[in-house]
Amino acid sequence: MDKFMLATIEEAKKGLKEGGVPIGSVIVYKDKILGRGHNKRIQEGSVVLHGEMDAFENAGRQPASVYKECTLYTTLSPCPMCTGAILLYGIPKVVIGENETFLGSEALLKENGVEVIVLDNQDCKDLMNTFIKNKPEIWNEDIGE
């Protein structure tokens with residue numbers, strides 16, 4: 001498995017151990033992780049700290065020229081909020097672990113010229129399916145239902 005997808009899965013597992021939603025993300029620039037993060041909505045009492053948003057936060061302020069050469073990896077298809085950040089910062093490529101448990105705004109990414117790769121990763125699916133089964137109320141809150 002790709003080392004960057006492994007890093008996203010590590011982040012997702014870290015979030016789960018902290019009592020949160022198991023979604024992880026990394027932003028890669030020139031074959032190095034620029035920022036990594038995981039969903040911290042529960043842990044931080046945050047409305048916006050999805051895995052991708054946490055990775056952006058941890059990448060810090062970067063020039064547009066840097067983000068335009070990055071790839072964002074995420075264990076789960078990005079929601080509309082995270083998709084907006086991806087588009088805002090001009091990330092040209094997104095690698096998604098799985099989109100079976102949640103289909104985010106992939107069509108919007110593609111419509112805006114972002115290359116979207118879905119790996120259909122079983123580890124990512126297993127993490128989410130187990131979480132959704134065990135904590136449906138938190139999952140529904142996370143996706144705005």
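**Close-up views of the chain**

**View A. Arg36 pairs with Glu11 in a salt bridge, their closest N and O atoms being 3.5 Å apart.** A salt bridge here is a side-chain nitrogen of Lys or Arg within 4 Å of a carboxyl oxygen of Asp or Glu. Please keep in mind that this is a predicted model, in which local features need pLDDT of at least 70, side-chain atom pairs count only at pLDDT 80 or more, and totals for chains, interfaces and linings use all residues. Residues are numbered from 1 along each chain as its sequence is written, and side-chain values use heavy atoms, leaving out hydrogens and water. Arg36 is partly exposed, with a relative accessible area of 33%, whereas Glu11 counts as buried at 6%. Buried means under 20% relative accessible area, exposed means over 50%, and partly exposed lies in between (1.4 Å probe, protein chains only).

**View B. The whole chain holds eight helices and five strands.** Helices (H or I, at least four residues) and strands (E, at least two) are DSSP runs, numbered from the N terminus. Starting at the N terminus, the elements follow the order α-β-β-α-α-α-β-α-β-α-β-α-α. The radius of gyration is 14 Å, close to the 15 Å that the globule rule gives for 145 residues, so the chain is as compact as a globular protein of that length. That radius is taken over C-alpha atoms, and the rule is 2.2 Å times the number of residues to the power 0.38. Along the principal axes, the C-alpha atoms fill a box of roughly 40 × 30 × 25 Å. Of the 145 residues, 49% count as buried. Among contacts between residues at least 6 apart in sequence, 54% join residues at least 24 apart; a contact means heavy atoms within 4.5 Å.

**View C. Lys3 meets Asp31 in another salt bridge.** The closest N and O atoms of Lys3 and Asp31 are 3.6 Å apart. Lys3 belongs to helix H1 (residues 3-17), while Asp31 lies in the loop between strand E1 (24-29) and strand E2 (32-38), so to look at this pair is to look at distant parts of the chain, 28 residues apart. Lys3 is exposed, with a relative accessible area of 51%. The loop between E1 and E2 also holds Lys30, which has a positive phi near 50 degrees although it is a residue other than glycine. Lys30 counts as exposed, at 57% relative accessibility.

**View D. Phe56 sits within helix H3 (residues 51-59).** At 9% relative accessibility, Phe56 counts as buried. Leaving aside residues up to four places away in sequence, Phe56 touches Ile27, Tyr67, Leu72, Ala85, Ile86, Tyr89 and Ile91. Its C-alpha atom is separated by 9.7 Å from that of Cys82, 26 residues apart along the chain. Gly51, Glu52, Asp54, Ala55, Phe56 and Ala59 are buried in H3. The buried residues of H3 pack against E1, E2, helix H4 (64-67), strand E3 (70-76) and helix H5 (80-88). Just after H3 comes Gly60, with a positive phi of about 75 degrees.

**View E. Glu100, Asp120 and Lys125 are linked in a network of salt bridges.** Lys125 is buried, at a relative accessible area of 7%, whereas Asp120 is partly exposed at 44%. Asp120 is placed in the loop between strand E5 (115-118) and helix H7 (122-134). Its phi is near 55 degrees, a positive value in a residue other than glycine. For background, most residues other than glycine have a negative phi.

**View F. Glu106 is buried yet has no salt bridge.** Which side chain of opposite charge is nearest to Glu106? That is Lys110, 4.6 Å away. Here Lys and Arg count as positive and Asp and Glu as negative, while His and the chain ends are not counted. Glu106 is found in helix H6 (residues 106-111). Not counting residues up to four places away in sequence, Glu106 touches Ser77, Ile96, Asn99, Val116 and Val118.
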